[in-house]
Amino acid sequence: MQEKDEQSSAAKQYKWVGKRPVRPDGVDKVTGRARFGADYNLSGQLWGKALHSPHPHARIIGIDTSRAEALPGVKAVVTAADFPDLPSKATAIGDMVVNLYYFSRNIMAREKVLYEGHPVAAVAATEKSIATAALKLIEVEYEILPHVLDPIDALKPDAPLLHDNLRTMGVKPRPTEPSNMALRLENSRGDMEKGFAEADIIVERELRTKPVHQGYIEPHACVANVQEDGKAELWTTTQGQWVARAYCAHVLGWDISQLRVIPTEIGGGFGGKIPVYEEPVALKLSQKARRPVKMVMNRDEVFRTTGPTSGSVNRIKIGAKNDGTLVAANAEFIFQAGAFPGSPVMNAVTISFAHYTIENQRVVGMDVVSNRPSVSPYRAPGGPIACYAVESVITEVAQKLGMDEIELRLKNGVKEGDTALHGLHYGPIGYLETLEAIKKSDHWNSPIGPNQGRGLATAFWKCLGGQTSVSAALNEDGTLSVNAGTPDIGGVRASLALMAAESMGIDYEKVNPMIGDTGQLGFNFVTAGSRTAYANGVATFKATQSIIKDVCQRAAKIWDIPEDAVIYEDGYVRPASSNAGDQEPMSLADIAGRFASTGGPITSATTTDGAGYGPTFGAHLVDVEVDSETGRVSIVRYTTFADAGTAVHPDYVEGQMQGGATQGIGWALNEEYVYGDDGRMQNPGFLDYRVPVASDLPMIETEIVEVPNPLHPFGVRGVGEISIVPSVGAVANAVRDATGLWFDDLPLSPPNVRKKIAAARAAGEALKI
């Protein structure tokens with residue numbers, strides 16, 4: 001640990017930022033005191049359970065809940081009829097725009113069910129067993145309709161239509177007939193025909209990915225309590241209590257001020273706990289029953305009902321000159337949105353070639369609905385898919401040119417002053433520095449063994465800013481309390497405390513960081529988008545500077561000297577010079593002791609819109625070994641590189657990097673939603689949906705690159721998402737290198753790899769293993 005601290009530029013520059021102190025929430029979590037969603041209970045609470053559709057696509061003819069309502073112990077039953085039918089229009093929720101017509105229909109099916117697992121009704125009862133029994137008494141009459149799962153099939157003229165009112169946006173003139181394509185995006189610059197004509201080689205590939213789940217261990221859980229006066233409280237495991245409040249209020253037709261949302265500790269989310277699912281249902285059940293209602297999903301419900309990320313079909317074409325100059329690049333991304341519009345295809349369009357300077361580019365994205373659960377964000381939504389497709393082809397370009405693939409990337413990599421296709425003008429950035437770090441690494445310069453291959457992938461991620469509120473208060477003993485509104489998933493409390501301590505010049509242990517609810521702070525956007533340390537850092541710095549200014553004003557009042565004659569240093573105020581007086585320095589505790597006579601408590605509430613965020617770059621380097629008989633791919637060595645700007649707490653940064661790599665390994669090698677011909681998911685549990693476990697992995701090595709973001713008081717960039725973006729592409733490139741075969745469909749599971757090897761042998765193709 002100490003050795004890494006000494007190598008950190010942040011640790012050298014700052015007193016606290018860049019150090020590795022004990023996390024503020026660590027003791028509660030290792031002792032079991034921390035309270036997660038399912039740990040909350042209220043006196044007199046009922047148990048809520050939802051009824052889900054067994055069909056992937058069907059019209060709801062009628063729902064009869066009378067037998068369920070008559071069951072002793074049942075206190076409330078709800079269907080879509082208990083919720084307002086919201087119009088189809090764009091609604092701003094924080095930094096997002098949401099169509100509540102679709103969103104509300106995902107909470108509770110109205111005219112049709114659109115995927116297996118779609119909620120159609122819910123009950124609240126005195127016991128969980130009674131609620132479960134009541135579900136079996138609800139009679140739903142369905143008209144079964146044809147279903148479609150694959151996005152390419154969904155685009156065919158004879159495909160079943162999911163929504164009669166869905167007409168493709170982004171096409172001019174906008175179509176008058178409905179289709180399953182919700183959106184088409186296109187971005188381009190230069191002359192594509194001229195660019196490809198100038199190319200000495202052209203590589204063109206189609207690559208596919210499957211939907212994968214975020215894999216959080218804690219299921220969705222909430223407790224709702226609606227009072228007789230209409231005021232309501234909601235305890236929930238969420239990545240954003242203000243966004244959850246807005247979603248629920250809109251879906252229920254309430255004023256936002258009616259609802260207070262208290263975030264619990266969260267056992268993983270990775271984007272999947274940004275939307276709400278059962279929260280509005282629990283609130284409506286509580287309102288009808290006039291008692292608190294608790295709802296906790298089981299794992300089967302999590303898989304069938306909540307959103308994975310998209311599956312995709314990706315077509316990439318890249319042209320290069322013999323000297324390695326990339327002259328043209330074309331990409332087409334077709335993303336599954338699930339039952340309702342909203343795939344992350346826009347992100348794929350944005351980031352695809354953003355780390356390369358290519359004169360002629362064209363990127364197209366399509367958002368396509370199908371009879372699957374509506375997708376949710378998953379850590380850098382769309383990023384790993386786009387990177388997998390683009391970096392697979394980039395590596396093949398290097399191979400065809402006989403060029404070192406790092407040198408190819410260095411030759412074409414973006415630097416300060418360049419502009420990405422989506423319009424972002426780069427300031428100081430660390431892509432080239434990241435590539436140089438790989439070149440110098442022991443991993444890159446070490447040999448590989450028999451049946452092994454090495455893969456590299458690099459990536460850009462945009463990061464978010466987002467609306468953020470932070471409050472700070474100087475306590476009576478001179479310590480500092482800081483309250484933020486972003487749930488702590490990846491080290492919010494520790495980052496807040498470190499940056500506040502650095503700003504105030506006080507010890508880390510003197511700062512008490514807390515996570516507030518919607519009744520305590522102004523609006524906060526979600527913990528997501530690699531924004532949390534960045535935006536909270538900006539707001540916290542502003543708050544502490546306000547505290548310091550107020551402390552100086554109090555000292556000036558006590559000493560009866562001008563405010564500008566007082567300076568603040570390391571937790572003390574003193575006269576700026578002997579001309580201002582010879583008073584003894586006063587500590588924060590001294591000032592706090594005089595609150596009553598100098599103007600009252602010292603507090604600060606500050607906000608930011610998150611402008612000026614810093615883009616980030618990363619790379620993954622992986623060695624695999626392939627068993628040619630079984631098709632099993634083993635990870636032999638893995639190193640992840642990321643430009644963090646400034647690593648506020650390096651342990652957390654390294655943990656983010658290792659966690660993202662682990663999820664990407666699962667995505668590349670094993671994870672997928674498996675559906676039967678009946679449109680039903682066949683592997684809704686961690687026994688058959690296989691995520692990596694410790695025995696699957698080596699110790700993942702990390703290397704933090706620090707090119708500070710000049711727009712942040714401590715140079716911070718986001719690392720939560722760049723840590724996963726290159727992973728899938730790196731693993732796929734390594735498997736191709738080990739086998740000499742081209743794999744174009746994920747996952748690279750043992751059956752799929754073995755089948756490909758057997759087919760190649762039967763065809764007499766040359767293999768490396």
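Helix axes here are lines fitted to C-alpha atoms over the stretch in contact, and angles between N-to-C directions run from 0 to 180 degrees. Helices (H or I, at least four residues) and strands (E, at least two) are DSSP runs numbered from the N terminus. The model is predicted: local features need pLDDT of at least 70 and side-chain atom pairs count only at pLDDT 80 or more, while totals for chains, interfaces and linings use all residues. Residues are numbered from 1 along each chain as its sequence is written, and side-chain values use heavy atoms, with hydrogens and water left out.

**Two helix pairs**

Two packed helices are described by the angle between their axes and the distance between the axes.

| Pair | Angle | Axis distance |
|---|---|---|
| α20 (650–669) and α21 (727–739) | about 50 degrees | 8 Å |
| α14 (405–412) and α15 (431–440) | roughly 160 degrees | within 10 Å |

Angles under 35 degrees count as roughly parallel, over 145 as roughly antiparallel, 65 to 115 as roughly perpendicular and the rest as oblique. α14 is therefore roughly antiparallel to α15, and α20 and α21 are oblique to each other.

A crossing is left-handed if the near helix is turned anticlockwise from the far one by less than a right angle, and right-handed if clockwise. α20 passes α21 in a right-handed crossing. On the α20 side, the contact (heavy atoms within 4.5 Å) is made by Gly660, Ala661, Gly664, Ile665, Trp667, Ala668 and Leu669, and on the α21 side by Ser727, Val728 and Val731. Of these residues, 7 are nonpolar, 3 polar and none charged. In this classification Ala, Val, Leu, Ile, Met, Phe, Trp, Tyr, Cys and Pro count as nonpolar, Asp, Glu, Lys and Arg as charged, and the others, Gly among them, as polar.

The crossing of α14 and α15 is left-handed. Ile406, Glu407, Arg409 and Leu410 of α14 meet Tyr431, Leu432, Leu435, Glu436, Ile438 and Lys439 of α15. That contact has 6 nonpolar and 4 charged residues, with no polar ones.

Buried means under 20% relative accessible area, exposed over 50% and partly exposed in between (1.4 Å probe, protein chains only). Because 6 of its 8 residues are buried, α14 is largely enclosed by the rest of the structure. The buried residues are Glu405, Ile406, Leu408, Arg409, Leu410 and Asn412. They pack against β16 (326–338), α13 (383–401), α15 and β18 (452–461). At the start of α14, a side-chain oxygen of Asp404 comes within 2.9 Å of the backbone nitrogen of Ile406.

Ser723 sits in the loop between β28 (701–705) and α21, and at 1% relative accessibility it counts as buried. Its side chain is joined to that of Arg379 by a polar contact of 3.2 Å. A polar contact is a pair of N or O atoms within 3.5 Å; within protein, one must be able to donate a hydrogen and the other to accept it, and residues adjacent in sequence count only if both atoms are side-chain atoms. Beyond its neighbours within four places in sequence, Ser723 touches Arg379, His620, Gln656, Met657, Gly660 and Ala661. Gly660 and Ala661 also belong to the contact of α20 with α21.

Thr305 lies in helix α11 (299–305) and is buried, with a relative accessible area of 4%. A polar atom of the Thr305 side chain is 3.3 Å from the backbone oxygen of Gly117.
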